[in-house]
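Subject: Structure handover

Hello,

Here is the structure for you to look at. My notes on helix packing, the pocket and the cavity follow below.

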Amino acid sequence: MSTVSVTGTHEIRARAQAALNRCGVELAAFKGDALTARTPVTGAGLFGLRADGPADVDRAVDAAHTAFLTWRTTPAPVRGALVGRLGELLTEHKQDLADLVTVEAGKIRSEALGEVQEMIDICDFAVGLSRQLYGRTMPSERPGHRLMETWHPLGVVGVITAFNFPVAVWAWNAAVALVCGDTVVWKPSELTPLTALACAALLDRAAAETGAPAHLNQVVLGAAGIGERLVDSPAVALISATGSTRMGRTVGPRVAARFGRSLLELGGNNAAVVAPSADLDLTVNATVFAAAGTAGQRCTTLRRLIVHEEVADALVERLARAYGRLPVGDPFQDTTLVGPLVNEAAYARMRASLDRAGADGGTLLAGGERHLSGAAPDAYYVRPALVRMPGQSDVVREETFAPLLYVLTYRDLDEAIRLNNEVPQGLSSGIFTSDQREAERYLAADGADCGIVNVNIGTSGAEIGGAFGGEKETGGGRESGSDAWRAYMRRATNTVNYSGRVALAQGVDFTP
């Protein structure tokens with residue numbers, strides 16, 4: 001095991017405190033001993049925080065509902081002005097928020113800054129959306145009638161986020177929900193409470209400066225029970241939950257039981273096909289980021305590489321060399337490309353998967369070892385692992401939330417598509433090819449069955465302009481761009497009779 005040097009806990013604590021202060025968070029107001037804000041950079045605790053109870057969740061939902069009654073009738077472009085101001089504040093505090101993302105999630109500097117940029121971008125998108133919440137006018141079969149649809153605010157939106165994107169996923173939901181006329185109650189991961197408090201403070205400031213109602217966004221802190229209270233609340237019209245498939249199996253039925261709506265972003269087990277005509281230089285560069293970025297802790301992380309047998313040996317050799325050069329260590333250092341796993345449990349799951357892969361005949365080609373830090377014995381730095389597998393065994397079909405890439409081979413494109421599709425998840429996939437016919441076949445209705453399908457780029461790094469989400473056990477939800485806004489509104493079909501007489505549809509005659 002090699003060693004790494006990392007920023008000390010005292011410096012990290014001071015950095016987090018300074019960022020919170022600049023964002024307007026009075027940390028003393030949240031002081032307690034129920035939760036511990038910790039950092040995976042050293043594995044140490046930073047601050048003790050209070051946890052909310054069921055009554056606190058109910059009060060937050062009530063406050064958000066009261067705000068909704070005013071916000072829903074506020075003109076959409078005025079709602080957009082609030083989100084526009086939020087985007088300005090996020091830009092002003094980009095460095096502060098990136099610091100907090102690195103402190104709590106362990107992301108390297110460029111990825112932390114990139115996540116905050118996603119927040120800024122979705123605010124920009126949502127401002128434009130505030131003037132484009134379009135309905136339709138349809139021809140009526142009855143003379144003197146107009147048939148149309150209108151879209152209206154839905155209500156309180158409960159947002160449950162995971163640790164790996166502690167701020168961007170909230171922004172995807174909140175920015176769009178707010179311009180749609182909804183209000184938000186946010187339950188962040190208990191691993192990332194500080195980033196949530198900072199974002200909430202900036203939104204509160206934006207609301208005060210633009211004259212928006214108070215309590216448009218409420219934060220509730222706590223473990224899974226707090227999320228369950230939010231899920232079960234009849235006053236929450238939509239639950240948008242990001243997390244594991246296991247979590248989604250609980251959330252979906254509970255929301256459906258009360259006839260609420262759910263938007264689920266769950267597990268991914270993403271694959272990329274490498275065709276014989278692929279540009280291998282491009283493929284290696286894209287693959288290494290997709291598989292090792294964020295220490296493999298993205299739902300869109302590349303976990304399966306399905307390579308044509310003609311190029312498999314050459315590609316594997318290149319990937320192994322690239323993996324050996326990856327700088328693993330302190331995410332605050334600009335030269336680092338792979339930061340820590342979030343905690344010991346993540347490391348244990350990775351080791352267990354490596355052991356199972358070996359038992360299934362897999363060959364470890366690179367990585368897998370832990371890097372130790374004398375100053376941070378409770379931190380988990382791991383070199384990304386590359387494993388060549390003889391087939392798609394059970395462990396390959398499961399998502400391991402760590403930097404673990406399995407390499408499989410195929411003979412023809414139909415086999416590659418089958419391997420891509422035969423896992424239960426369906427989030428992101430891609431193909432590397434210079435053959436237009438292969439690319440089109442992969443994108444076709446009988447091609448890859450995922451919600452995100454790419455050509456000559458990796459599986460991660462989606463832009464906010466497109467709808468984000470997946471199929472099958474990934475949950476089926478869509479967030480961010482395109483027409484994802486419709487999930488946050490309710491549709492009404494309207495018929496206007498200006499004929500001066502009653503005309504029934506389908507030619508029905510009901511004259512008394």
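Helix α4 (residues 94-105) packs against helix α7 (residues 193-210) at an angle of about 160°, and their axes lie 8 Å apart. Angles over 145 degrees count as roughly antiparallel. So α4 is roughly antiparallel to α7. The crossing of α4 past α7 is left-handed. Please keep in mind that this is a predicted model.

Which residues make that contact? From α4 come Leu97, Leu100, Val101 and Glu104. They meet Pro193, Leu194, Thr195, Ala198, Cys199 and Leu202 in α7. By class, the contact of α4 with α7 holds eight nonpolar residues, one polar and one charged.

Helix α7 has a further partner, α1 (residues 9-23). Here the packing angle is about 20°, with the axes of α1 and α7 9 Å apart. Angles under 35 degrees count as roughly parallel, so α1 is roughly parallel to α7. This crossing, of α1 and α7, is left-handed. Ala16, Leu20 and Cys23 are the α1 residues in the contact. On the α7 side they meet Leu194, Ala198, Ala201 and Leu202. The contact of α1 with α7 has seven nonpolar residues, with no polar and no charged ones. Note that Leu194, Ala198 and Leu202 of α7 meet α4 and also meet α1.

Next, α5 and α6. Helix α5 (residues 109-129) and helix α6 (residues 168-179) pack at about 15°, and their axes are 9 Å apart. That angle makes α5 roughly parallel to α6. The crossing of α5 past α6 is right-handed. Glu115, Glu118, Met119, Ile122, Cys123, Ala126 and Leu129 represent α5 in the contact. Their partners in α6 are Ala168, Trp170, Ala171, Trp172, Ala175, Val176 and Val179. The contact of α5 with α6 splits into twelve nonpolar residues, no polar and two charged. Glu115 and Glu118 sit on the α5 side.

The largest pocket has a volume of about 1300 Å³. It is lined by 45 residues. Which lie closest to its centre? They are Ala162, Gly243, Ser244, Arg246 and Met247. Helices α8 (224-232), α9 (245-257) and α12 (344-359) each give at least two residues to the lining of the largest pocket. By class, that lining has 18 nonpolar, 15 polar and twelve charged residues.

Last, the cavity. How many cavities of 30 Å³ or more does a search of the whole structure find? The search finds one. The largest cavity holds about 40 Å³ of space. Its lining includes Ala105, Gly106, Lys107, Ile108 and Glu111. Also in the lining are Thr294, Ala295, Gln297, Gly339 and Pro340. The lining of the largest cavity divides into four nonpolar, four polar and two charged residues. Ala105 belongs to the cavity lining, and α4 spans residues 94-105. Glu111 is in the cavity lining too, and α5 spans residues 109-129.

Best wishes

Conventions. Residues are numbered from 1 along each chain as its sequence is written. This is a predicted model: local features need pLDDT of at least 70, side-chain atom pairs count only at pLDDT 80 or more; totals for chains, interfaces and linings use all residues. Side-chain values use heavy atoms; hydrogens and water are left out. On a 1 Å grid over the protein atoms alone, a cavity is a set of points where a 1.4 Å probe fits but cannot get out, and a pocket is an open set with protein on both sides within 12 Å along at least five of seven lines; lining residues have an atom within 4 Å of a point. Grid points are joined across faces, edges and corners, and a volume is the space filled by probe spheres set on the points. Helices (H or I, at least four residues) and strands (E, at least two) are DSSP runs, numbered from the N terminus. Ala, Val, Leu, Ile, Met, Phe, Trp, Tyr, Cys and Pro count as nonpolar, Asp, Glu, Lys and Arg as charged, and the others, Gly among them, as polar. Axes are lines fitted to C-alpha atoms, for helices over the stretch in contact, and angles run from 0 to 180 degrees between N-to-C directions. Angles under 35 degrees count as roughly parallel, over 145 as roughly antiparallel, 65 to 115 as roughly perpendicular and the rest as oblique. A crossing is left-handed if the near helix is turned anticlockwise from the far one by less than a right angle, and right-handed if clockwise. Contact means heavy atoms within 4.5 Å.
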